[in-house]
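Good morning, colleagues. Please take a moment with the sequence and the model, and I shall then speak about charges and surface patches.

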Amino acid sequence: MLDSSEAILIEYDPQQLSYSEILDMWCTKFAHFRSKPSKRQYRHVLFCQSDDGEREVAVAKVRALERTSPVYVNVEEPLIFYRAEEHHQDFFLKSRAKIEASNRLRMTLRMF
């Protein structure tokens, strides 16, 4: 990889879920941002639109996290977002389906 980072694009309805709530989930589920990434492509970044208040919310969340221990997260404006190859799209859902199918097969084989 040259000068790129792996990222996900989250599209959401602010009437259903606020950006702050999304960041709260991120803070509780992805605590690996407390360790320094080994490569640039794995760095921890919140890409935020500056015109709708996301940046201010993200900076406040990162600062709150920094009160308890070091945090390796940058808050930046997005440049260009390129979708990954199709086999990377919905990777978690696809992987989960494969695991569930494999588990069903094992259960079937145990019956015999």
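This is a predicted model: local features need pLDDT of at least 70, side-chain atom pairs count only at pLDDT 80 or more; totals for chains, interfaces and linings use all residues.

Asp24 is partly exposed, as its relative accessible area is 36%.

Because Lys61 lies in helix 2 and Asp24 in helix 1, residues 19-29, the pair ties together parts that are 37 residues apart in sequence.

Let us stay with Lys61, which has its place in helix 2, residues 54-66. Is Lys61 buried or exposed? Its relative accessibility is 19%, and the limit for buried is under 20%, so Lys61 counts as buried. Leaving aside neighbours within four places in sequence, Lys61 is in contact with Ser20, Leu23 and Asp24.

I turn now to the surface. Which residues gather in a patch of negative charge there? They are Asp51, Asp52, Glu56 and Glu77. One of them, Asp52, is placed in the loop between strand 1 (45-47) and helix 2. With 47% relative accessibility, Asp52 counts as partly exposed.

There is also a nonpolar surface patch of about 460 Å², made by Leu79, Ile80 and Tyr82. Within this group, Ile80 is found in the loop between strand 2 (74-76) and helix 3 (91-111). Ile80 has a relative accessibility of 61% and therefore counts as exposed, the limit for that class being over 50%.

Thank you for your attention.

Note on methods:
Residues are numbered from 1 along each chain as its sequence is written. Side-chain values use heavy atoms; hydrogens and water are left out. Patches are made of residues with over 30% relative accessible area and no salt bridge: like charges are joined within 9 Å, nonpolar side chains (Val, Leu, Ile, Met, Phe, Trp, Tyr) within 5 Å. Accessible areas come from the Shrake-Rupley method with a 1.4 Å probe; for residues, only the protein chains shown count as cover. A salt bridge is a side-chain nitrogen of Lys or Arg within 4 Å of a carboxyl oxygen of Asp or Glu. Helices (H or I, at least four residues) and strands (E, at least two) are DSSP runs, numbered from the N terminus. Buried means under 20% relative accessible area, exposed over 50%, partly exposed in between (1.4 Å probe, protein chains only). Contact means heavy atoms within 4.5 Å. Lys and Arg count as positive and Asp and Glu as negative; His and the chain ends are not counted. The place of a charge is taken as NZ of Lys, CZ of Arg, CG of Asp or CD of Glu.
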